[in-house]
Amino acid sequence: MFKRKLTALDYHNPSAFDCKDETEFRNFIVWLEDQKVRHYKIEDRGNLRNIPSSEWPKYFEKYLEDVTCPFSVQERPEAIDWLLGLAVRLEYGDNVEKYRNCPPLEAANNTQKTTDPLVNLDISLVSNPDFKAGVTALSNLLQIQRHDDYLVMLKAIRILIQDRLTPECIAKANQSKEGLPVALDKHILGFDTGDASLNEAAQILRLLHIEELRELQTKINEAIVAVQAIIADPKTDHRLGKVGR
C-alpha cells in the first residue's frame with residue numbers, strides 16, 4: 001500500500017517494505033527523518049537512531065506529536081502513510097522546478113509505447129516458423145539464453161542491442177587501454193602450485209585482483225566524499241570559534 005510513495009521518494013526497496021517487521025520499520029523511520037522530513041536538527045535525532053533501545057516506541061510517539069501527525073503509535077499503517085505524504089510534499093517543495101516539468105503519467109506511458117518498436121508487432125508472427133528461426137539464430141549469435149516464449153527472447157535481443165551494440169558503445173569498447181609491462185618474476189606469489197605455468201597464471205590473477213581492489217577503493221572514496229557533501233556541510237563562524245550550522 002506504500003509502494004507508490006516509497007518509489008517517489010527513491011526508497012531502496014519499495015516493493016518489499018514490511019511495516020510489521022520492527023527492525024525494518026525503525027530503520028525506515030530513521031531514513032525518512034534523515035533524508036526527507038528533517039524535522040529535527042541532526043544533533044536531536046539520536047533517540048530515533050537508537051534503534052535497539054526499548055524506549056524507542058516512546059521516542060517515536062514523541063516524534064509523531066512533534067510533526068503533528070493525527071495518528072498514534074498504535075495506528076502504524078496510517079501513521080506511515082501520513083508521514084510518507086508529508087515527505088512527498090516536502091520533497092516537491094524542495095524541487096518545485098524539477099517536478100513541474102514532469103509529463104503526466106499517461107503521457108509518459110504513451111511516449112514509452114511509441115518508442116518501443118515491439119508494441120506494434122503483429123502477434124501472429126510469433127507462431128510463424130520463419131520468425132522463430134530468425135529469433136533463434138539471433139539469440140545464438142548474441143549468446144542469449146533460450147526461452148520458450150520467442151517474444152521474450154526478442155525483447156532480450158532488443159535490450160542487448162540497445163545497451164551494447166549502439167555506435168557509441170562499440171566505439172567505447174574499441175578504445176584500447178594500454179598499460180605498463182609487468183615483470184612477473186619481480187612479484188612474489190607466496191605459494192607454489194608445483195607447476196610453472198600455473199604459478200604464472202596465479203601471479204597474473206593476483207595482479208588483476210589488486211587492480212580491481214584499487215578501482216573499488218577509488219569508488220569507495222568517491223562515495224564517501226559524495227555522502228560527506230550531503231550530510232556534512234559545516235559553516236565556520238570565526239567570531240564564535242566553533243564549526244557548525
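Phe 2 and Phe 17 are both buried in this predicted model. Let us begin with these two residues and see how their rings meet. The ring centres of Phe 2 and Phe 17 are 6.1 Å apart and their planes stand at 65°, so the pair counts as edge-to-face; the cut-off for that label is an angle over 60 degrees. The two partners come from distant parts of the chain, 15 residues apart. Phe 2 sits in the segment before helix H1 (3–8), while Phe 17 belongs to the loop between H1 and helix H2 (22–37).

Ring pairs join Phe 2 and Phe 17 with Tyr 11, Phe 28 and Trp 31 in a cluster. In total, the structure contains ten aromatic pairs.

Another of these pairs is made by Tyr 40 and Tyr 63, again edge-to-face, with 5.4 Å from centre to centre and 70° between the planes. Because Tyr 40 lies in the loop between H2 and helix H3 (46–49) and Tyr 63 in helix H4 (residues 56–66), this pair ties together parts that are 23 residues apart in sequence. Are these two tyrosines buried or exposed? Tyr 40 has a relative accessible area of 17%, so Tyr 40 is buried. Tyr 63 counts as buried too, because its relative accessibility is 1%. The cut-off for buried is under 20%.

Tyr 63 brings us to helix H4. The buried residues of this helix are Trp 56, Phe 60, Tyr 63 and Leu 64. Why do they line one face of H4? If you look down the helix axis, these buried residues fall within an arc of 100°, so they share one face. After the helix comes Thr 68, with a positive phi near 55°.

Aromatic rings can also meet a charged side chain. Here, Arg 76 lies over the face of Phe 25, at 3.8 Å from the ring centre.

Finally, let us visit the surface. Leu 213, Leu 216, Ile 220 and Ile 224 form a nonpolar patch there, and together they have about 330 Å² of accessible area. Leu 213 is part of helix H11 (residues 196–231). With a relative accessibility of 43%, Leu 213 counts as partly exposed, because that label covers values between the 20% and 50% cut-offs.

Methods
Residues are numbered from 1 along each chain as its sequence is written. This is a predicted model: local features need pLDDT of at least 70, side-chain atom pairs count only at pLDDT 80 or more; totals for chains, interfaces and linings use all residues. Side-chain values use heavy atoms; hydrogens and water are left out. Patches are made of residues with over 30% relative accessible area and no salt bridge: like charges are joined within 9 Å, nonpolar side chains (Val, Leu, Ile, Met, Phe, Trp, Tyr) within 5 Å. Accessible areas come from the Shrake-Rupley method with a 1.4 Å probe; for residues, only the protein chains shown count as cover. A salt bridge is a side-chain nitrogen of Lys or Arg within 4 Å of a carboxyl oxygen of Asp or Glu. Helices (H or I, at least four residues) and strands (E, at least two) are DSSP runs, numbered from the N terminus. Buried means under 20% relative accessible area, exposed over 50%, partly exposed in between (1.4 Å probe, protein chains only). Rings of Phe, Tyr and Trp (its six-membered ring) pair if their centres lie within 6.5 Å; planes under 30 degrees apart count as stacked, over 60 as edge-to-face and the rest as tilted. A charge sits over a ring if NZ of Lys or CZ of Arg is within 6 Å of the ring centre and within 35 degrees of the ring normal. The arc is that of the directions from the helix axis to the C-beta atoms.
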